[in-house]
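Have the model open and follow along.

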Amino acid sequence: MHQRVQRLSTAARMLAAAAAAAGVLLLGQVVGGVVPTAHADGAASTVEVTSTLDSKGVLKVQEKITFSGSAPAQVQQSFETSESLIGNRSREFDLSGIGVTADAGTIRSSTSTDGDLTTLRFAPGSAKTATVSYTVAGAVISNGGNPTLHWRFLQGLSLSVRSFTAVVNIPGNFSYVNCTSGPPNTTTPCSSFSAGVGSQSPTFSDGPRGEGEVVAVEIGFPAGAVPITENIKEHWSFARAFSVKPLPLGLAIGLLVLGGIGLLAAHRRIGRDVAPSDEIRKPADFVPVGEGQSEFRVVGDIRPGHIGTVVDERVDPIDVTASLLDLAVRGHVLITELPTGSKYARTDWRLTRTPADQAPDDLRPFERVLLDTVAPAGEGTLVSELGHKVSGSVHLVQSELYDEMVENGWFQRRPDATRNTWTQAALAGLIAAAVITALLVIFTEFGLVGIALILLALGLMFIGQEMPARTAQGSALLAGLGALRSDLLTTPTDRMPPGRELSELSEVLPYAVVLGGAERWLDAIVAADDDDEPDSEDLSWYHGPSDWQLADLPHSLRNFIVTVNGTLFSR
């Protein structure tokens, strides 16, 4: 009976075990579709690092890997050769002499570089151990000015590691040691690290560590114990190129201030007019000729073209047009307004040399060139046809006027030549500043200094336009022109001698066109008309169509001036 019970008990246990096994198998089949089977590419029972930091700051490393069981088909280890720092900078490490031995025999390996990663690959075969050797330059960094060894002795390994140890032989005494381990950029302390007082071989240990995890070591040294070998690389960025740090910002501001002072000093020394030494005299005046009467008289041989050039140091279109009006008023050329076919047609004028111009002894060189250009002897010229006839002559008129500025003693040098000299210097400076700025922006953080140089070159270009300087005689003439302008704007226009109103008012007009006040003198000519009859030939220098009256002169003359300006100086 007892034996039967025992057999039943044994059978029951066997049945329960078989049911349990079947349950486990069924559960594995159900769960197996959801949870993948765990596996590893390979594992290392130990990684033992022996390294030496020499007196020149070069680190030599030997990393011995002992495999757990059979070695994997391929082992890979990636070394980070760049470490990002604050301010678009990075710390660069230089790896060299990378090699692998397995069970004390050399095996084939390959090394590749991709960006900041240097990757070693090798096939250990049936070897039980593999030793990776390499040299690192740049691993001694500056920590508050003191040298510090900074390197990840375990990194980027395609194996999990059960136990890690590292011994670092150093050339002298250390200040401190530190070790962190775990995922990259971790701050978790290692399992243990130690170094006795006076020890020159600090020891570090950790584990287990997963695939790709790191063990980073720091060993601090007293100042001067080991040379600092770190290589800091600056990376380009807009903020870095145009840094507002105290040094580049201060240099840029200082350069602007000193350069600005230099430009102003150059203008005051070279481009400033000489003070007039003689009594200021007006080049023309209204001279009394009777009770309540006066006439306009030019003192000396100063023409409207001279006046405009002395005032603004340039031969402007209005200076040439006013000179043409003056030639007409003086009887050298007749301006005839032609009738239009309809009120929408464009107005045109004919310029004709007059019989009074047979012996033009009073013509200045620039006036002779202008007269021969716009109204050649023996033929009339339409204003609408001037463009292609005078394209090359207008520059000669301007050149003659500039020459007379020097010949008359009003400028030491031709104003246009002075401006050209300074403009060329400014352009050369601008090109040089642009090149310097490009180099500063690409390679340094002193881009603001380059911007300051560009601004100074532009300032030189602006100052160069103001460099033509009048002589004492030129300054005296300029002051007299200011007084004449005041007269043209304030002198009563109804005091011309009776019977000579039109001729006297006409003489004023070219000077008023240049200096200002032309409208009031045109109104005076209109007011001198004492009848309602057509006045097509009342003026000796300007003739209009048969129905034209003096009241039309302001509009006609404004139209003439605008048209001639555009025609003579069109390109």
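Before we start on the sheet, one bit of bookkeeping: two strands count as paired if DSSP finds at least two bridges between them. Keep in mind, too, that what you're looking at is a predicted model.

Start with strands β12 (residues 146–154) and β17 (residues 214–220), which run antiparallel and are joined by six bridges. Pick out His150 and you'll find its bridge partner in β17, Glu218. Now zoom out: β12 and β17 belong to an open sheet of four strands, ordered β11-β12-β17-β14, with antiparallel pairing. The edges are taken by β11 (140–143) and β14, each with a single partner strand, so one side of each has no neighbour in the sheet. From one strand to the next, the twist averages 25°.

Cys179 is joined to Cys190, with an S to S distance of 1.8 Å. The link is left-handed, at -65° about the S-S bond. Cys179 sits in β14 (residues 176–182) and Cys190 in the loop between β14 and β15 (192–194), so the bond ties together parts that are 11 residues apart in sequence. Both Cys179 and Cys190 are buried.

Which residues does Leu557 touch, leaving aside neighbours within four places in sequence? They are Leu325, Leu509, Leu522, Trp541 and Tyr542.

Terms used
Residues numbered from 1 in each chain as written. Predicted model: local features only at pLDDT ≥ 70, side-chain atom pairs only at ≥ 80, totals over all residues. Heavy atoms only, no water. Contact = heavy atoms within 4.5 Å. Disulfide = S-S within 2.5 Å. Helix = DSSP H or I, 4+ residues; strand = E, 2+ residues; numbered from the N terminus. Buried < 20%, exposed > 50% of the residue type's maximum accessible area, 1.4 Å probe, protein only. Axes fitted to C-alpha atoms, helices over the stretch in contact; angles between N-to-C directions.
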